[in-house]
Amino acid sequence: PPPRASLYHIALRLSMPAPRGARGAGPPAPTGGDYVTQVGGAASVGAGAYLIKSGFDRQAEARIHMQALEEMGASLEGEVAPSVISLEDQTITLSGTVEEQYEQWREILADIYAAERAELPSAAARD
């Protein structure tokens, strides 16, 4: 003999219309009409939207951090504003990176040193 259907299943079949073209009895497909299904669906949509939004927020935050790191990297390369140095008889402008300005300054100091050494009387001339 076929298994006996419970009173719940019989009442469920009687209260819900059968889908078009359906033959035989079986549990009806969920229609989303009950409150729990609607609340669960809304909660799932809300959670999905929140995850998408947080992903975009993290992407924007990562972009800001990348820009900050690029700026710090650029400053570490040593690019500085040109330096203007006023000496007694001339004005000197140093430009480029820190290393380039340092080399320029060393050359200028070497030229000044050589010029001052040339002006000093030699030891042979003093004797």
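This is a predicted model: local features need pLDDT of at least 70, side-chain atom pairs count only at pLDDT 80 or more; totals for chains, interfaces and linings use all residues.
Is V84 buried or exposed? V84 is exposed, at 57% relative accessible area, where exposed means over 50%, buried under 20% and partly exposed anything in between (1.4 Å probe, protein chains only). Residues are numbered from 1 along each chain as its sequence is written, and side-chain values use heavy atoms, with hydrogens and water left out.

Now for the overall layout. The protein has four helices and two strands, taken as DSSP runs numbered from the N terminus (helices are H or I with at least four residues, strands E with at least two). Along the sequence they come in the pattern α-α-β-β-α-α. Of the 127 residues in the protein, 6% are buried. The accessible surface comes to about 11,300 Å², with 60% of that belonging to carbon and sulfur atoms; these areas come from the Shrake-Rupley method with a 1.4 Å probe, and for residues only the protein chains shown count as cover. Looking at contacts (heavy atoms within 4.5 Å), 2% of those between residues at least 6 apart in sequence join residues at least 24 apart.

On to the strands. Strand β1 (residues 83–86) and β2 run antiparallel and are joined by four bridges; two strands pair if DSSP finds at least two bridges between them. A hairpin of four residues links β1 to β2. V84 sits in β1 and stands opposite T93 in β2, while S86 stands opposite T91. Leaving aside neighbours within four places in sequence, V84 touches T91, I92 and T93. The C-alpha atoms of V84 and L94 are 6.3 Å apart, with the two residues ten apart in sequence.

Next comes Q101, which lies in helix α3 (residues 98–119). Q101 counts as buried because its relative accessibility is 9%. The Q101 side chain makes a polar contact of 3.3 Å with the side chain of S83. Such a contact is a pair of N or O atoms within 3.5 Å; within protein, one must be able to donate a hydrogen and the other to accept it, and residues adjacent in sequence count only if both atoms are side-chain atoms. Apart from neighbours within four places in sequence, Q101 is in contact with V80, A81, P82, S83, L94, S95 and G96.

Helix α2 (residues 35–76) includes Y35, which is exposed at 65% relative accessible area. Y35, V36 and V39 make up a nonpolar surface patch with about 350 Å² of accessible area together. Patches take residues with over 30% relative accessible area and no salt bridge, joining like charges within 9 Å and nonpolar side chains (Val, Leu, Ile, Met, Phe, Trp, Tyr) within 5 Å.

As for salt bridges (a side-chain nitrogen of Lys or Arg within 4 Å of a carboxyl oxygen of Asp or Glu), the structure holds one. It is formed by the side chains of D57 and K53, at 2.7 Å from N to O. D57 and K53 are separated by about one helical turn, because they are four residues apart in helix α2. D57 counts as partly exposed, at 39% relative accessibility.
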